[in-house]
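Welcome! Please take a moment to look over the sequence and the structure below, and then we will walk through a few of its helices together.

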Amino acid sequence: MNRPDRAASLHKARARATATPVDPSWPLRLSEDLRGIRADWKTSAAVCADAAWAARSAGRSVLGLLSPEDVLATDRDSITARTMVHLYLSALRFDFRCPTLQRLVEHLAETTRQPLDCYTRALYAFALLGQSRPEGLTVMDEVLTEAEEHPKTLHVLLHGLWFGQDLDEGAERLLALSSRPALATGTGTGTGTGTGTGTGPIVLFRVAGALRRMDRYDEGLGAIDREIGCLPPGDTSVHADLVRERSLICAARGLHQHRSPTRTSSGVPS
């Protein structure tokens with residue numbers, strides 16, 4: 001397939017993935033599209049993550065259309081099997097079902113006839129990180145050596161670091177990951193939202209949370225306020241999340257100030 005034909009086919013696949021999924025058979029139709037363009041794991045991840053999010057946003061989660069048996073089936077071609085895995089595991093991620101996601105990937109690793117692709121392993125890292133399990137950091141580092149600057153994969157890892165509140169230096173690791181070029185350009189937000197230029201709102205939202213955990217309240221408020229000011233008029237995709245994080249930062253700063261005694265110029269508590 002030449003490049004123009006592949007681009008047209010990929011556009012068709014993306015349109016089907018992000019349309020309102022009223023047809024319960026759309027996951028299989030999507031897998032046919034991806035098989036038609038011989039999609040690699042990066043293309044599959046990008047399309048399936050958006051598809052799972054679009055379905056969830058429309059109130060028709062992939063979790064209601066597919067089952068673990070569909071994910072674990074061994075009688076499918078490799079691209080169809082990977083599509084089912086990417087769709088279902090992404091849906092588990094968006095619902096924060098970390099233990100279920102972890103168990104399913106571990107079952108896949110035991111039964112599949114080929115190594116798990118990078119995006120699937122990133123979702124496994126998310127499941128572990130989300131439970132604040134330190135081995136998730138090891139899996140994350142392994143994925144980063146292969147992921148290069150694949151936006152969807154990096155967003156999965158960033159999501160896990162954000163959700164795992166008790167990870168060792170989790171906030172610091174989140175800030176380091178957020179500076180990667182693919183995230184610093186606002187592309188591939190992982191939930192279908194983004195400003196298109198500069199660091200996207202999802203990244204800044206997670207960065208602000210990390211700054212709050214590090215007691216860097218003013219920096220966190222600055223990041224939130226800048227992003228709120230840059231959102232398109234009427235944008236509701238992440239506005240509520242940004243405002244909620246702003247409230248958390250203000251509350252944490254107020255509590256911190258209340259607990260910290262005021263010191264005079266001589267350094268003696270007043």
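Which residues in α7 are buried? They are C118, Y119, T120, A122, L123, Y124, A125, F126, A127, L128, L129 and G130. Keep in mind, as you read on, that this is a predicted model.

## Helix α7 and its surroundings

Let us stay with this helix for a while. α7 runs over residues 118-130, and its 13 residues reach 18 Å from the first C-alpha to the last, close to the 18 Å expected at 1.5 Å a residue. The helix is mostly covered, with 12 of the 13 residues buried. What do these buried residues pack against? Their partners are α3 (41-57), α5 (78-94), α6 (98-111), α8 (135-147) and α9 (151-163).

Just after the helix, you can find S132 with a positive phi of about 60 degrees.

## Helix α6

Next comes one of the partners of α7, helix α6. Its end C-alpha atoms are 20 Å apart, which agrees with expectation because 14 residues at 1.5 Å a residue should span 20 Å.

Buried in α6 are C98, L101, Q102, L104, V105 and L108. The buried residues of α6 pack against α4 (68-72), α5, α7 and α9.

## Where α10 meets α12

Now turn to another pair of helices. Two packed helices are described by the angle between their axes and the distance between the axes. For α10 (residues 170-178) and α12 (residues 201-213), the axes come within 9 Å and cross at roughly 150 degrees. This crossing of α10 and α12 is left-handed.

On the α10 side, the residues that meet α12 are G170, A171, L174, L175 and S178; on the α12 side they are V203, R206, V207, A210, L211 and R213. Sorted by kind, the residues of this contact are seven nonpolar, two polar and two charged.

## A closer look at S178

S178 belongs to helix α10. Is S178 buried or exposed? S178 counts as buried, because its relative accessibility is 11%, and the cut-off for buried is under 20%.

Which residues does S178 touch, leaving aside neighbours within four places in sequence? S178 is in contact with L158, L183, A184, V203 and V207. Among them, V203 and V207 are residues of α12 that take part in the meeting with α10.

Terms used: Residues numbered from 1 in each chain as written. Predicted model: local features only at pLDDT ≥ 70, side-chain atom pairs only at ≥ 80, totals over all residues. Heavy atoms only, no water. Helix = DSSP H or I, 4+ residues; strand = E, 2+ residues; numbered from the N terminus. Expected span 1.5 Å × (residues − 1). Buried < 20%, exposed > 50% of the residue type's maximum accessible area, 1.4 Å probe, protein only. Contact = heavy atoms within 4.5 Å. Axes fitted to C-alpha atoms, helices over the stretch in contact; angles between N-to-C directions. Left-handed = near helix turned anticlockwise from the far one by under 90°. Nonpolar A, V, L, I, M, F, W, Y, C, P; charged D, E, K, R; others polar.
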